[in-house]
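User: I've got this model open and I'd like to walk through it. Can you take me from the overall layout down to the aromatic rings?

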Amino acid sequence: MKITILSLFPEILSGFFESSIMKRAVERNLVEYELVDIRDYATDRHRKCDDEVYGGGAGMLMLPGPLGMALDAAGAGEARTVFMTPSGRLLNQALARDLSTEARLILICGRYEGIDQRIVDKFVDDEVSIGDYVLSSGEVAAMVLVDAVYRLIPGVISGESLAEESFSGSAGDSHDTGPLGPSLLEYPQYTRPADYATMKVPDVLTSGHHAKILRWRLKEQLRKTLAYRPELLATGGLPKEALDLLREISTEGGET
Ligand code: 6GU
């Protein structure tokens, strides 16, 4: 996949592409990236990229001229083009999976109050938000989106790690429903030592009893989902084993 990101502050993004798993994906040619400084397409000597909003109101808007030229140069006609904005549709695992199948992705990072609507109308395929809060920059949101997407490209990370994590098989993600049913948060995990700061690893995990471990993990997934994301359980479709465990959890009063 080739990812092009248009930004007024591309230096925010460069470290992300040169670190860790992303760096390896780039070296292995699974990901190619291009960071475009929109200011390079400004036409006046002050390299102006923003102006006041027609009709009045606070803040500045990104000019359509430089951004449009940057998009043309990036090949926006041939690539899925996404504008990062708090007024877009919410990013979730299903959208990440959908975007991960594209050969080319262009992301526009907004600054100021946003961009001219004519740029959206002419170039943008999707407007995407990463959550119900406001960030000062689209750059941070773009990194979140790219991180969620590129790790789903075959070969970037192991399929086993992908299948087990929270939201693989979540509502709207038709890829993999998994043995534990849809939409559960991950269970707690432990590593050595078995006794840390007087806290012991739950006995069941060192028992070697595989069926009991699976049942414990499912129960902890349900407990956590009930506490943090109860709306994920409200969609129904839980297997009987899960319903029984939920009943157990409620009779325990939420305690272990
Ligand atoms: Cl994509 N951009 C900004 N500026 N704020 C956000 C966002 C995006 N998603 C959530 N908040």
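User: Which residues make up domain 1 and domain 2 of the protein?

Analyst: Keep in mind that this is a predicted model. The protein is split into two parts, with domain 1 covering 2–150 and domain 2 covering 175–251.

User: What is the strand order in the open sheet of five strands?

Analyst: Pairing in this open sheet is parallel. Strand 2 and strand 7 (126–129) each pair on one side only, which makes them the edge strands. From one strand to the next, the twist averages 30 degrees. Reading across the five strands, the order is 2-1-6-5-7.

User: Which residue is the bridge partner of Leu-6 in strand 2?

Analyst: Strand 1 (residues 2–7) pairs with strand 2 in the parallel sense, over six bridges. Look across from Leu-6 into strand 2 and you land on its bridge partner, Val-36.

User: At about what angle does helix 6 run to strand 6?

Analyst: Helix 6 (residues 138–150) lies across strand 1, strand 5 (80–90), strand 6 (104–109) and strand 7. Against strand 6, the helix runs at about 155 degrees.

User: On to the rings: is the pair of Phe-16 and Phe-17 stacked or edge-to-face?

Analyst: The count comes to two aromatic pairs. For Phe-16 and Phe-17, the centres are 5.3 Å apart and the planes make 80 degrees. An angle over 60 degrees puts a pair in one class, so Phe-16 and Phe-17 are edge-to-face.

User: What about Phe-17 and Tyr-33, what kind of pair do their rings form?

Analyst: A ring pair is described by the distance of the centres and the angle of the planes. Here the centres of Phe-17 and Tyr-33 are 4.3 Å apart and the planes sit at 10 degrees. Planes under 30 degrees apart meet the cut-off, so this pair is stacked.

User: How many residues apart in sequence are the parts that the pair of Phe-17 and Tyr-33 ties together?

Analyst: Phe-17 belongs to helix 1 (residues 11–17), while Tyr-33 belongs to strand 2 (residues 32–37). Ring pairs link these two and Phe-16 into a cluster. The Phe-17 and Tyr-33 pair therefore ties together parts whose separation in sequence is 16 residues.

User: Is Tyr-33 buried or partly exposed?

Analyst: Phe-16 is at 19% relative accessibility and counts as buried, and so does Phe-17 at 1%. Buried means under 20%. Tyr-33 has 24%, so it counts as partly exposed.

Conventions
Residues numbered from 1 in each chain as written. Predicted model: local features only at pLDDT ≥ 70, side-chain atom pairs only at ≥ 80, totals over all residues. Heavy atoms only, no water. Phe/Tyr/Trp six-rings, centres within 6.5 Å; stacked < 30°, edge-to-face > 60°. Buried < 20%, exposed > 50% of the residue type's maximum accessible area, 1.4 Å probe, protein only. Helix = DSSP H or I, 4+ residues; strand = E, 2+ residues; numbered from the N terminus. Domains from an automatic or database assignment. Pairing = 2+ DSSP bridges. Axes fitted to C-alpha atoms, helices over the stretch in contact; angles between N-to-C directions. Contact = heavy atoms within 4.5 Å.
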